[in-house]
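Please look over the sequence and the model shown here before reading the notes that follow.

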Amino acid sequence: MLLPVELRDGGGEQPLRTPGTEGGPGVWLVRAETFRTVVARLAPVVLDSSEKERAAAFRRARDRDTYLAGHVGLRLLLGAHLGVPPADVPLERLPCPMCGGPHGRPVVRGDAVHFSLSHSEGVCLLACAAAPVGADIEAVPGLAVAEEVGACLHPRESAELSGLRPVDRPAAFARAWARKEAYLKGLGVGLGRAMSLDYVGTASGAVATVRGWTIVDVAVDDGYAAAVAVRC
């Protein structure tokens with residue numbers, strides 16, 4: 001099953017739409033290159049000091065531009081939902097469910113909307129929902145990476161990858177990795193939980209359910225894989 005992206009915001013001057021928190025998640029794709037004009041105008045005034053510091057720390061300009069596009073887009077999205085200026089969106093992090101540290105899932109303080117942001121190689125995926133949600137987008141890697149890191153997945157997933165033609169393995173690996181990261185981000189633990197523990201599958205169009213979570217693929221640009229996980 002593919003969850004279609006509801007808005008691919010290219011750089012128009014209009015705010016992103018209010019998130020679809022009634023029922024399923026709202027999902028948005030932001031391309032850094034075409035969102036560049038909006039980011040240049042808004043980033044200095046809507047991002048907080050920690051976001052600006054994080055952006056400045058990126059060595060590659062493309063990574064920095066992608067980060068800025070995602071966070072400006074997120075603040076526009078949440079500001080529209082809350083009815084406040086994007087700069088006034090009160091973002092914070094929950095305690096990590098594994099260690100209690102201040103690096104758990106990001107949230108809006110005092111509001112029921114849940115969100116997740118992911119960025120990779122020039123594109124960003126945003127998701128908002130009425131329940132905890134995780135989103136992930138991954139650039140499809142080369143075969144060597146898919147085979148090496150694929151061995152760290154759930155044993156059934158590693159076996160599925162091994163049974164594919166080499167030309168098909170990178171895309172299948174990226175699908176599984178995006179599904180798994182979306183789920184772990186929804187939990188708020190990120191890569192602190194071993195990637196071998198949970199089975200989400202590698203087959204195209206599959207819908208995975210992992211102990212109270214539904215994970216679906218998101219249709220994005222060629223060369224990428226993306227997924228959203230929502231607690232049900």
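Leu164 is found in the loop between H5 and helix H6 (169-187), where helices are DSSP runs of H or I with at least four residues, strands are E runs of at least two, and both are numbered from the N terminus. This is a predicted model, in which local features need pLDDT of at least 70 and side-chain atom pairs count only at pLDDT 80 or more, while totals for chains, interfaces and linings use all residues. Residues are numbered from 1 along each chain as its sequence is written, and side-chain values use heavy atoms, with hydrogens and water left out.

**Leu164**
- Leu164 is partly exposed, at 30% relative accessible area (buried is under 20%, exposed over 50%, partly exposed in between, with a 1.4 Å probe and protein chains only).
- Beyond its neighbours within four places in sequence, Leu164 is in contact (heavy atoms within 4.5 Å) with Arg169 and Ala172.

**Glu157**
- Glu157 belongs to helix H5, residues 155-162, and is buried with a relative accessible area of 0%.
- Not counting residues up to four places away in sequence, Glu157 touches Lys180, Asp198, Tyr199, Val200, Gly201 and Thr202.
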